Amino acid sequence: MFMKTLAIAALAGLMAVGSAAAADKIRIGTEGAYPPFNQMDEKGNVVGFDIDIAKALCAEMKADCTIVTQDWDGIIPALMAKKFDAIIASMSITEERQKAVAFTDPYYSNKLQFIAPKTSNFDPAKLKGKALGAQRATIAGSWLEKNVKDADIKLYDTQENAYLDLSSGRLDAILADKFVNWDWLESDAGKNFEFKGQPVFDDDKIGIALRKGDDKLRLRLNEALKAIIANGTYKKINEKYFPFDIY
Amino acid sequence: MSFDLSVILSYFPTLLLGAWLTVKLVIFSSIAGVCLAFPLGLGRSSPRLAVKALPWLFIFFFRGTPLLVQLFLVYYGLAQFDFVRTSILWPILRDPYWCALITMALNTGAYIAEILRGAIQAVPRGEIEAGISVGMSKSLVLRRIVLPRAIRIALPAYSNEVILMLKCSALASTITLLELTGTARTIIAKTYMPVEIFLVTGVFYLVISYCLVKIFQAAEWRLNRHRRANG
Amino acid sequence: MASDMNLHGFGPQLLAGAIVTLQLAMAALCVGLVLGILGALSKSSSVTPLRMLGNGYTTIIRGIPELLVVLVVYFGSSGALTAIAALFGHDAFVELDPFTAGTLALGLTFGAYATEVFRGALLTIPAGHIEAAQSLGLGRWRIFLRVILPQLWRIALPGLGNLFLVLLKDTSLISVIGLDELMRKSQIGTGFSKEPFTFFGVAALIYLGMTVITNGILILMERHANRGYRRAGT
């Protein structure tokens with residue numbers, strides 16, 4: 001008798017929790033280790049281009065958004081496990097990822113480009129035997145694994161760890177998103193480094209990842225994105241971080 | 001949660017390579033740890049403060065902090081300093097394999113030193129006194145009576161420590177080393193099939209630890225053959 | 001070196017991380033103690049399936065790296081739990097945040113080793129005590145609470161204390177799945193300041209401090225548990 005009551009109470013509790021989710025709350029997942037798109041400030045808050053875009057979209061959709069950080073390796077599994085409803089973490093739209101998740105329209109474009117010490121004569125055409133770094137589970141990491149056969153490829157948990165190793169000389173070069181590299185080159189730590197050669201991959205689009213079948217949210221986000229581009233909010237956010245247009 | 005066996009089979013050779021690196025890490029760090037532990041353990045058991053202090057501090061630090069912190073200190077922390085990057089040690093410290101090996105050896109060395117110290121103190125006083133009464137010098141007593149006895153006493157605890165090292169080796173994946181866990185994480189990043197890949201990885205570890213346990217059981221059997229009941 | 005120890009204002013963040021570390025350790029301890037006792041009881045049980053369950057649990061968990069347990073619990077369980085919730089006909093999101101996943105993983109590991117500690121302690125309790133209690137008419141639950149548990153606690157305490165120290169250090173592994181405990185805060189600080197040695201060094205010192213304090217508390221607890229027992233050899 002007691003156990004039955006307990007079971008009913010538990011079920012009721014679960015249902016209450018579930019129905020609360022129906023209110024217009026959207027949880028957004030991001031990484032927090034990818035400056036200047038998403039990073040932590042010294043108070044522990046997540047800030048960056050992705051965060052500003054997320055907040056602008058939510059304001060446009062008049063939805064109540066919370067931002068959740070998640071390490072990069074687990075970000076798609078977490079989306080699928082419904083830990084959050086959308087990923088705004090500079091995620092590239094790739095065929096492989098589209099097998100697992102759905103994407104909105106792109107919110108910026110990206111290229112992959114190598115950076116290396118200014119004093120080195122690193123050449124993207126001559127990669128044999130070099131130590132190359134990239135973040136694991138990114139298109140830079142996949143590009144290296146697919147296209148480079150006889151170099152020492154190192155994959156890192158976070159982009160920041162990769163930069164640490166480039167600074168210390170363990171890596172000859174890093175392949176990463178052009179704007180992330182650009183931001184690092186502008187910082188104190190990156191002042192002795194520069195882009196090498198042309199971008200090796202040009203046609204990368206960055207979108208917001210959603211669970212497959214979550215079409216309602218996808219359409220709302222697409223509408224909101226069109227709106228903030230039209231009304232100049234996007235341009236303002238763009239200018240805050242980059243002196244060039246990244247759409 | 002579909003069980004895609006074909007994916008697992010195609011990545012099997014890659015995992016095997018990772019397992020081989022794991023085994024190398026465990027074997028070499030355990031051997032290096034033992035070599036480190038002897039002077040450390042002996043120094044630690046000395047009654048003189050000047051001899052005891054440094055080993056004590058070393059053991060205190062390496063047993064009191066997580067291996068992950070030690071790994072990051074050695075790999076990322078040391079690389080921060082110019083004098084390290086321009087020293088002759090840099091070619092070694094540059095390589096994550098050596099950083100992992102060195103850190104694991106230092107870590108296990110501290111633990112084995114404590115095991116050794118306990119074992120040395122557990123050697124029956126009577127055997128030591130017997131040695132002295134026969135006229136053996138202190139160093140001869142150490143070499144012929146204390147140490148062999150201590151090793152026999154320490155063996156079960158040492159075998160535990162080696163198994164622990166096997167599990168600690170998984171942490172090397174955080175400094176880009178592609179041992180078993182690192183290989184698994186890289187495969188999962190490509191295939192989005194965490195459960196299946198981790199399952200296989202777990203089996204690999206269980207097999208390796210089983211082999212290690214068997215090796216140590218054989219060693220204990222051999223070392224204690226004088227105590228076995230005869231026919 | 002002291003002048004280099006500028007934490008760039010990140011000090012409070014590190015302390016916040018240390019607090020999360022302690023919270024995680026305590027939560028995992030609770031889970032682990034319960035699992036340990038259950039495991040010891042099931043391994044000493046006369047019911048074969050129960051015994052096999054206990055053996056399987058300890059053999060598997062003790063044979064694979066803690067990091068792997070953490071990763072499996074994190075990646076695997078949210079899928080399983082969501083499926084279970086779906087059984088209730090319910091599209092609920094079953095939150096397995098890093099803290100819960102970490103507590104579960106560390107608790108599982110602690111429990112597997114604690115099972116052995118408790119099992120060894122159980123064996124030292126003289127059968128005579130239990131028989132005496134039974135002859136007095138005490139029920140099984142009463143016997144467990146009043147006769148077995150107090151003695152179990154005293155014998156198991158040193159072993160459990162060691163396991164707790166290991167647990168404290170293993171909390172650093174949960175940084176790998178994104179929990180903002182001490183290790184992760186140090187990494188964030190490093191990303192911020194580009195000074196890994198400073199931040200990881202300070203983190204190491206904080207862990208050392210926690211170890212020393214825990215050791216002190218354990219010594220006091222052992223002394224309290226052993227009150228009334230004369231030491232051998234006096």
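**Close-up views of a predicted model**

**Figure 1. The end of helix H7 of chain C.** Lys194(C), with a positive phi near 60 degrees, follows H7(C). The model shown here and in the other views is predicted. Helix H7 covers residues 182-193 of chain C; at 1.5 Å a residue its twelve residues should span 16 Å, and its end C-alpha atoms are 16 Å apart, which agrees. Eleven of the twelve residues of H7(C) are buried, so the helix is largely enclosed by the rest of the structure. The buried residues of H7(C) include Leu182(C), Met183(C), Ile188(C) and Phe192(C). Charged side chains are also represented, with Arg184(C) and Lys185(C) among the buried residues of H7(C).

**Figure 2. Surroundings of H7(C).** Which elements pack against the buried residues of H7(C)? From chain A come S2, S3 and helix H6 (159-168). Chain B supplies H3, and chain C itself supplies helix H1 (11-43) and H8.

**Figure 3. A three-stranded open sheet in chain A.** The strands are ordered S2-S3-S4 and pair in the antiparallel sense. Strand S2 (33-34) and strand S4 (46-47) form the edges, each pairing on one side only. Two bridges link S2(A) to strand S3, residues 38-40 of chain A, in an antiparallel arrangement. Tyr34(A) has Asn38(A) of S3(A) as its bridge partner.

**Figure 4. Helix H2 of chain A.** This helix comprises the 13 residues 49-61 of chain A; at 1.5 Å a residue it should span 18 Å, and the distance of 18 Å between its end C-alpha atoms agrees. Buried positions in H2(A) are Phe49(A), Asp50(A), Ile51(A), Asp52(A), Ile53(A), Ala54(A), Leu57(A) and Cys58(A). After H2(A) comes Lys62(A), which has a positive phi near 50 degrees.

**Figure 5. Strand S12 of chain A and its partners.** S12(A) covers residues 193-211 and runs antiparallel to strand S6 (residues 86-92) of chain A, to which four bridges join it. Within this pair, Ala86(A) stands opposite Leu210(A). Strand S7 (residues 101-103) of chain A is also antiparallel to S12(A), with three bridges between them. Here the bridge partner of Ala102(A) is again Leu210(A) in S12(A). Strand S8 (residues 108-117) of chain A is joined to S12(A) by eight bridges, likewise antiparallel. One residue of S12(A), Lys196(A), is the bridge partner of Phe114(A).

**Figure 6. Ala209(A) and the largest nonpolar core.** This core has 170 residues, of which Ile174(A), Leu175(A), Ala209(A) and Val70(C) touch the most other members. Helix H6 (residues 96-122) of chain B gives the core its largest share, 14 residues. Beyond its neighbours within four places in sequence, Ala209(A) contacts Ile76(A), Leu79(A), Ala86(A), Ile87(A), Met91(A), Val101(A) and Phe103(A). In soluble globular proteins, nonpolar side chains tend to be buried together.

**Figure 7. Overview of chain B.** Chain B contains ten helices and zero strands. The C-alpha trace of chain B spans about 70 × 60 × 25 Å along its principal axes. Of its 231 residues, 39% count as buried. Among contacts in chain B with a separation of 6 or more, 75% are between residues 24 or more positions apart.

**Figure 8. The contact between chains B and C.** Chain B contributes 26 residues to this contact and chain C contributes 27 residues. On the side of chain B, helix H2 (49-64), helix H3 (67-77) and helix H10 (194-223) each give two or more residues. H10(B) provides the largest share, eight residues. By type, the side of chain B that touches chain C divides into 16 nonpolar residues, nine polar and one charged.

**Figure 9. Helix H2 of chain B.** H2(B) has 16 residues and reaches 21 Å from its first C-alpha to its last, close to the 22 Å expected at 1.5 Å a residue. Pro55(B), Ile59(B) and Gly64(B) are buried in this helix. The buried residues of H2(B) pack against helix H1 (5-44) and H6 of chain B, and against helix H8 (196-225) of chain C.

Figure 10. Leu5(B) lies in helix H1 of chain B. Is Leu5(B) buried or exposed? Leu5(B) is exposed, because 9 other C-beta atoms lie within 10 Å and the limit for an exposed residue is 12 or fewer. Ile197(B) is 192 residues away from Leu5(B) along the chain, yet their C-alpha atoms are separated by 9.9 Å.

Definitions and conventions. Residues numbered from 1 in each chain as written. Chains lettered and ligands numbered in written order. Predicted model: local features only at pLDDT ≥ 70, side-chain atom pairs only at ≥ 80, totals over all residues. Buried ≥ 20, exposed ≤ 12 C-beta atoms within 10 Å, placed from the backbone. Contact = placed C-beta atoms within 7 Å. Core = buried A, V, L, I, M, F, W, Y, C linked by C-beta atoms within 7 Å. Expected span 1.5 Å × (residues − 1). Pairing = 2+ DSSP bridges.
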